[in-house]
Amino acid sequence: MSDPRILGADAGTAVRDAERPARPRGARSLNLVVGGVLFGVIVLTALVSLVYTPFDPAETTGGRLSPPSAEHPAGTDVLGRDLLTFLMIGARLAIAVGVGSVLISAVLGVTIGLIAAFASRWVDDAVSSLLDIAIAFPTVLLAMLIVAWRGASLESAILAIGLAGSAVVARLTRIVGTRVLSEAYITASRTAGTITARMLVLHVLPNVWPTLVVPFALQFGGAVVAEASLSYLGLGSPPPNASWGRLLQEAQSTVLVAPLGAVLPGVLLVVTIVGINLLADGLRDVVDPSSRSGR
Amino acid sequence: MSRARDGAGRVQGRVQGGVPLVEVSGLRVHDGDRELVSAVDLRVEPGDRVGIIGESGSGKSLTALSMLGLLPHPLRASGTVRVGGTDMVAGAGRAGDRVRGSTITAVFQEPLTSLDPLMSVGRQIAWPLSRHRGLRGRELRTAVLDALSDVRLPDPERVARSYIHEISGGQRQRVAIAIALACRPRVLLADEPTTALDVTVQAGILDLLDTAVRDRGMALVLISHDLAVVSRITDRVLVMRNGRGIEQGPVERILTAPAEAYTEQLVASARALEAHLPAPRTGGTPGEGDA
């Protein structure tokens, strides 16, 4: 069968096809596997930290800045607290930041984006202009405002990153949503008597979703980095509930004496970001059934 | 509830014969100051088979969308368009939602784009079945498979599980027709339903439309640029050109004694094409394969 898609009849698929470089399928599944393993290790660490950490994070019996030993595999910090324990808690916080902020962005951004896509011309224009302003607003500045309002905490960081991300998600959702709404299958479905609310659940969200999954995954990585930056600036929560960014900041003054304190949180950050980005890349195929069959 | 109203309405329409199913009079479609369709009149009674014919840009599809109350955003309709007594010019909102599906529904030209690419065929048919007939669970499943075999699709179980990129063009159009029929409408609007298809497939789809509409006692409005296609399964034809309905009448009369020069031209060219074909009554010229 000659493929009608070549005629550009299906704009949605055409766009997705254009985004996809000519790469062998094996390379993509390798991304999925490597990304999945790297990210899986972090998630597993986070889960383990919920039920078990080698030491109580507040316990200061390890001796100041001791090097790695059987008892403290990653050494201790300046107050003699176990670093491995901190790193495990950091994994938990990183996942919380990623999930929390992506959830906020998704709920807020998709809602606003779909409203703009469905709305009349001038509402759409107004929302779009507001989104452009919101996107131009620096995340760190927004975070500082929220910290000034709510105090430095993990929740403040999640809220700030989530809000900043929602504008980007809203703009993307609006673009994809408008495109989906102009598709012939929406008109066809209306001729079968589908009302707007039902249309949203039945056709619009499922067709917007595949385009959003990859940006969400990338945003997860971005959120972890953003939180690390905020913590590094001292806007995150302090130890014993410290994120990797905060650990980096804490280790800054002793980096020459005990380099592991700075290296390990940095390495874990990199592992998380690289893992989620590879995963995002590999996910593209999984979420889109129309790209699944061998064409 | 909609079932009861539907049944009653159908009987009433037949007995009285007074209220037309579709009444279009003085329809105009504007894009700002530009008038794209001017003065189209059309009446469709229960069981009628009406063809609308005209070249590209003659306003056939806009007339169809006006009947559905689904003109795309900047376009505006004026005049009278009543479907099952509901004003589709003003009532594009909730009233239109009640009419679409239950009274009128449509099959479009390109089945690849008029079906959701990310929803299995079975689910796409299930939705109108559950909405218009209130079916659930196993009943619904059986009805989906019945709907697929009604449009003569082989292996309904497999087709129901498929996504539209996994089936052929002709099969897609059969699925689109199955969805339309699942609504049990009183009028089926088919806008160039065979244009995107292979010639050999075209004939099958026309046969299917023909029998499906007859078996269910539905009215059919068939839009095409192809006189051979229209004359094959309709009784009455409206000829459109440049946004106007220029001539309307029974198929035989249009074919034998066209009143307008343009219609005469259409008939002549259709005959010239037919003359080259060994077998009569095959729609159109041989294409170059799948479109």
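Predicted model: local features only at pLDDT ≥ 70, side-chain atom pairs only at ≥ 80, totals over all residues.
I'm counting two residues as in contact when heavy atoms come within 4.5 Å.

**Chain B, first pass**

I started with the overall make-up. Chain B comes to 11 helices and 10 strands. Of its 291 residues, 54% count as buried. I then looked at how far apart in sequence the contacting residues sit. Taking contacts in chain B with a separation of 6 or more, I find that 66% of them join residues 24 or more positions apart.

**Where do the domains of chain B run?**

Domain 1 has two pieces, 1-103 and 189-291, and domain 2 covers 120-184, going by the domain assignment.

**How the two domains meet**

I looked up the contact between them next. Domain 1 of chain B puts 20 residues in contact with 14 residues of domain 2. The area buried between these two domains is about 1400 Å², and carbon and sulfur atoms give 57% of that.

Then I went through the polar side of things. I get 4 residue pairs in polar contact between domain 1 and domain 2 of chain B, both residues being at pLDDT 80 or more. For salt bridges between the two domains, the count is 1. My note on a salt bridge in this chain: the side chains of B:Asp150 and B:Arg216 meet at 3.3 Å, N to O.

Which helices supply at least two residues each to the side of domain 1 that touches domain 2 of chain B? They are helix 1 (2-16) and helix 8 (199-216). Helix 8 of chain B gives the most to that side, with 9 residues. Sorting that side of domain 1 by class, I have 8 nonpolar, 5 polar and 7 charged residues.

**A closer look at B:Ala64**

B:Ala64 lies in helix 2 of chain B, which spans residues 60-68.

Is B:Ala64 buried or exposed? I have B:Ala64 at a relative accessible area of 2%. The cut-off for buried is under 20%, so B:Ala64 is buried.

I also checked what B:Ala64 touches, leaving out residues up to four places away in sequence: the partners are B:Leu189, B:Asp191 and B:Ile223. Last, I looked at B:Ala106, which is 42 residues from B:Ala64 along the chain. The C-alpha atoms of B:Ala64 and B:Ala106 are separated by 8.8 Å.

Key: Residues numbered from 1 in each chain as written. Chains lettered and ligands numbered in written order. Heavy atoms only, no water. Domains from an automatic or database assignment. Buried area = accessible area lost by both parts, 1.4 Å probe. Salt bridge = Lys/Arg side-chain N within 4 Å of Asp/Glu carboxyl O. Polar contact = N/O pair within 3.5 Å; in protein donor to acceptor, adjacent residues only side chain to side chain. Helix = DSSP H or I, 4+ residues; strand = E, 2+ residues; numbered from the N terminus. Nonpolar A, V, L, I, M, F, W, Y, C, P; charged D, E, K, R; others polar. Buried < 20%, exposed > 50% of the residue type's maximum accessible area, 1.4 Å probe, protein only.
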